[in-house]
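Let's take a walk through this one together. We'll begin with the sheet and then move on to the ligand.

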Amino acid sequence: MSQHIFVLTGAGVSAESGLGTFRDKSGEGIWAKFDPMKLATPQGFERDPRTVLAFYDARRRNLLGARPNPAHFALARLEQALAARGGRLTLVTQNIDDLHERAGSREVVHMHGELLKARCQSCETVQVWPRDLTVDDACPECDHVGALRPDVVWFGEFPLHLDDIDHALRHADLFVAIGTSGAVYPAAGFVAEARAQGVPTCEINLEAADNAFLFDDARYGPASEIVPAWVEELLET
Ligand code: BV8
């Protein structure tokens, strides 16, 4: 069985927990209703912080009422089982929710930040922030009012932990993308990097993403069914 597995998750792994995805074929995705360039860019925040903060307040409230689904629990199980065998799971998520953590995953790399944290643009400290965030909130660290923003990576901003991600990609012996449309870079480029290193790749998705041709193997269906079955099969080998 593979010893070091690199898993990249996207919005599809949290879809059955009731969190929206961004680009559904049905046109019901978040970005079908909201303009990402207005709501998920620093310029959009600069122009209209109240609207952007309200957008994230709604998603934060939805997240607080959501629960991990069997896909999140299966990945937490995989992390423990690999560690017990002297292997390791590198779990990188594009998601800003904490469902992997709530399902028991111990090491989660949030390359696009975290919805339940706020960052002060004045002193740069990051706080856990599980409640609404408004322009009238003061930074608990430096008392600056109106400098707090969600600690998430917007379009045009640098994703986090890219060096660690690159190192893990180069040393993995299996790359698996779960519930991602492969629409956003640099995350969408990880599968090509894995292939360039000769790492076998597998797509687990509701349906084939546009970059499905880059994967050696694929399993399609709802993550809450496919991921637990895949983990069970993997752990039997
Ligand atoms: C960067 C956090 C430089 C916030 C997100 C012009 C201007 C500026 C930038 C660009 C530009 N043109 C291109 C770029 C680069 C840009 C980019 O890629 N744009 C795209 C649109 C072309 N990228 C960036 O700006 C990134 N930064 O480039 O900096 C740089 C360059 C190189 C190296 C270093 C730095 C920053 C991007 C991060 C933006 N922040 N989110 C928030 O959440 O509000 S992006 C957001 O969309 C998500 O975080 C996620 O990362 C991304 C993709 O979404 P997915 O997770 O894939 O979800 P999606 O809905 O698309 O797909 C869901 C999938 O699940 C589907 O396949 C569906 O079939 C499946 N599914 C559904 N249900 C289920 C299921 N699967 C299983 N079971 C189910 N039940």
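Before we count strands, one term: two strands pair if DSSP finds at least two bridges between them. Keep in mind, too, that what you're looking at is a predicted model.

With that in hand, find the open sheet: six strands, lined up in the order 3-2-1-7-8-9, with parallel pairing. Strand 3 (108–110) and strand 9 (217–220) are the edge strands, each pairing on one side only. If you look at how neighbouring strands sit, they're turned by 20 degrees against each other on average, ignoring direction.

Now zoom in on one pair. Strand 2, which covers residues 88–93, runs parallel to strand 3, and three bridges link the two. Pick out Val92: its bridge partner in strand 3 is Val109.

Helices pack here as well. Helix 5 (residues 70–84) sits on the sheet and touches strand 1 (4–9), strand 2 and strand 7 (174–178). Its direction makes about 150 degrees with that of strand 2. Then there's helix 7 (residues 162–171), lying across strand 1, strand 2, strand 3 and strand 7, at about 130 degrees to strand 1.

On to the ligand. Which residues come nearest to it? Out of 34 around it, they are Phe22, Arg23, Arg59, Gly156 and Ser181. Sorted by class, that shell has 18 nonpolar, 11 polar and five charged residues.

A ligand nitrogen, meanwhile, is 2.8 Å from a polar backbone atom of Glu157. On its own the ligand has 1500 Å² of accessible area, and the protein covers 78% of that.

Key. Residues are numbered from 1 along each chain as its sequence is written. This is a predicted model: local features need pLDDT of at least 70, side-chain atom pairs count only at pLDDT 80 or more; totals for chains, interfaces and linings use all residues. Side-chain values use heavy atoms; hydrogens and water are left out. Helices (H or I, at least four residues) and strands (E, at least two) are DSSP runs, numbered from the N terminus. Axes are lines fitted to C-alpha atoms, for helices over the stretch in contact, and angles run from 0 to 180 degrees between N-to-C directions. Contact means heavy atoms within 4.5 Å. A residue is near a molecule or strand if one of its heavy atoms lies within 4 Å of it. A polar contact is a pair of N or O atoms within 3.5 Å; within protein, one must be able to donate a hydrogen and the other to accept it, and residues adjacent in sequence count only if both atoms are side-chain atoms. Accessible areas come from the Shrake-Rupley method with a 1.4 Å probe; for residues, only the protein chains shown count as cover. Ala, Val, Leu, Ile, Met, Phe, Trp, Tyr, Cys and Pro count as nonpolar, Asp, Glu, Lys and Arg as charged, and the others, Gly among them, as polar.
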